[in-house]
Amino acid sequence: MRASLLLCLMSATSFAQSLTYPTTRKDDRIVDDYHGTKVADPYRWLEDDNSEETKAWVQAQNEVTFGFLKAIPKRAEIRERLQKAWNYERTGIPFEHGGKWFFNRNSGLQNQSVLYVADSLDAESRELLDPNKLSKEGTTSLTETAPSEDGQWLVYGVSKAGSDWQEFRVKNIATGKDTEDLIEWVKFSGASWAKDSSGFYYSRYPKPKEGAKLTEANKNQTVYFHKLGTPQSEDKMIYARPDQPDWGLHAYVTDDGHYLIYNVTHGTDPKNRFFYQDLKQADAKVVELLNDFDASYSFIENVGTTFYFHTDLKAPRYRVIAIDVTKPARENWREIIPEGADKLDSVSCVDGQLLCKSLKDARSAMTAYDLEGKKLRDIDLPGIGTVGGFGGKRSDKVTHYAFTSFTTPGAIYRYDVASGKSTLWKQPKVDFDASPYETTQVFVKSKDGTKVPMFLVHKKGLKLDGNNATLLYGYGGFDISLTPNFSIGRAIWLELGGVYALANLRGGGEYGAEWHLAGTKLRKQNVFDDFIACAEWLQKEGYTSPKKLAIMGGSNGGLLVGACMTQRPELYGAALPAVGVMDMLRFHKFTIGWAWKSDYGSSENAEEFKAIHAYSPLHNLKPGTTYPATLVTTADHDDRVVPAHSFKFAARLQECQSKDQSAPPVLIRIETSAGHGAGTALTKVIEETADEWAFLWKVLGME
């Protein structure tokens, strides 16, 4: 049966190690008409993840790919080094709730981190929830932890095999035993307890059709209240908008328990709406406080009826404003912290202070203000890098944060708000010597003259002779900022002699709203131009050469790699597109893909179709072209960017790749029991990283 489907191997195409590809069936009858342009889609059958033919294709491709990878002598050594280096204790940022402290810890090689609880951070902790015990392969991950106000209960969410779908359960914190409460069909939602700990608010989608839970479009998210000890069927619907099926409804209770806050989103657009409901009044209506969809509004805190927001309204680099909800007219709004020279990235309120994180050329800086906007101090950080944390409640006296850089693992610090002093709480001990390496930042001129920041990490005294294997990484989308952070995988890449380059492209959030918008919709080509300019700069300055340069990115970054390798295939020696959006004409038809229209536009719009079709990776592969050595990576449970994107791209790439026997390999690696990336079992992360570095070792000639 398998042979009759597609597993006859091609004998005409042969690479080193007798590499041959499975034959992939083409259906030339499938042709779509986009505004008068006819576009063939011969591999559409690969969109059906449940079909036996697709499953056979996946197995056949993996046989070829893993056969190639296992034949690389360096692979076993790289994998062993990765496992040894990853075997160190890691602790997450602790948080307090209900008089107890919670934090995650991984002893080293555990597939999933374990949740611990303690009466204080000086007291002995105990294991509360070990996700590794929930599945044989360690593929069930912890996605949500929400303790109740009285410290008696814990709502926790789990994801199976990397899916975005979550199940919520409730655990008795004292006994460690689960209740019978079970909440299903939750996605992109947290849990927020009522102040009396009687139950919690959450958001869910309608149950998908049988067999379509990993592909069906997610619409009509609705807010419910679950009363502890009752079945989900009895949950009370709190807020729904059937007239707005694309709205995301995210509800949570303010720290004072007075209001239920609604962050109303539309896809991945940073702009949002903000509603609230008075919980002190029975049957209070939802108040549509901010309903113009004109800016991003992030709720920081409320002091009585005064609501504080972090917003880019008339401030592309963001500012802080205050709105008294009893006088909501715009002329009554107050500016607390004005827009500055750097992007105001996030704001929290702890001990009555506004703790503000800014990005200065993609590096973190922290400043404290009072609630009237008076600057109190610059907060000293351990070095140049990235901070995360500084969360908490207005009544808290201390908070915690993590600091990391490209060569510094994430250490956890305790911050005393009143004094402004930081003390080290946890510092990991990693088997990696950072002293031989250095980090610099350069600014590259893009095609239109825009200066694009790029971090470079490499051994000190690097010889600029164009002969260094270099990995250029990028993302460039959805207002997401790439900042310095530590990665074991990257550390081993450096040990292998590689150079690492991180490009801060337009489309990201490093410089605020204008930087983001400059890489969206009809301007998306700017992102690819930025990345290509960085690749050219690395070669011009002698860091590397085309045969030694690899490009890498995941998700939207996978699209980036796919577009750049099809536009300038001669510029790179290797490409690693991971879980990429490769079919730009149909991305909106699956799961949450429709939500990306705010960044990409849509093929449903004639003008946007023209721009999208011009760079869509799947549709710009040309037969007979020599493309760089490529390892496409995806996973069978990815219900964010469905694997059909990578399947179709890989099939077309193998079809188009030059038939010259010296042409580089173009392969696809399909992980099983994994998703878009979050929650992937550590054993799988190590295996995939080893495969990627071994692939680059081979094809870039690092031998």
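Biologist: Which residues line the largest cavity?

Modeller: In this predicted model, the largest cavity has a volume of about 40 Å³. Its lining includes Asp583, Arg586, Phe587 and Phe590, together with Val642, Ala644, His645 and Lys648.

Biologist: Are helix 3 and helix 11 oblique or parallel to each other?

Modeller: Helix 3 spans residues 74-86 and helix 11 spans residues 682-699, and their axes lie 9 Å apart. The two helices pack at an angle of about 140°. Angles over 145 degrees would count as roughly antiparallel. Helix 3 and helix 11 are therefore oblique.

Biologist: How many nonpolar residues does the contact of helix 3 with helix 11 have?

Modeller: On the side of helix 3, the contact residues include Ile78, Leu82 and Trp86. Helix 11 contributes residues among them Leu682, Val685, Trp693 and Trp697. The contact has 2 polar and 5 charged residues, while its nonpolar residues number 10.

Biologist: Is the crossing of helix 2 with helix 11 left-handed or right-handed?

Modeller: Helix 2, residues 52-70, has an axis that comes within 10 Å of that of helix 11, and the two cross at roughly 65°. This angle makes helix 2 roughly perpendicular to helix 11. Phe66, Phe68 and Leu69 of helix 2 meet Asp691, Phe695 and Lys698 of helix 11. The crossing of helix 2 with helix 11 is left-handed.

How values were computed. Residues numbered from 1 in each chain as written. Predicted model: local features only at pLDDT ≥ 70, side-chain atom pairs only at ≥ 80, totals over all residues. Heavy atoms only, no water. 1 Å grid on protein atoms, 1.4 Å probe; cavity = no way out; pocket = protein on both sides within 12 Å on 5 of 7 lines; lining within 4 Å. Points joined across faces, edges and corners; volume = space filled by probe spheres on them. Axes fitted to C-alpha atoms, helices over the stretch in contact; angles between N-to-C directions. Helix = DSSP H or I, 4+ residues; strand = E, 2+ residues; numbered from the N terminus. Parallel < 35°, antiparallel > 145°, perpendicular 65-115°, else oblique. Contact = heavy atoms within 4.5 Å. Nonpolar A, V, L, I, M, F, W, Y, C, P; charged D, E, K, R; others polar. Left-handed = near helix turned anticlockwise from the far one by under 90°.
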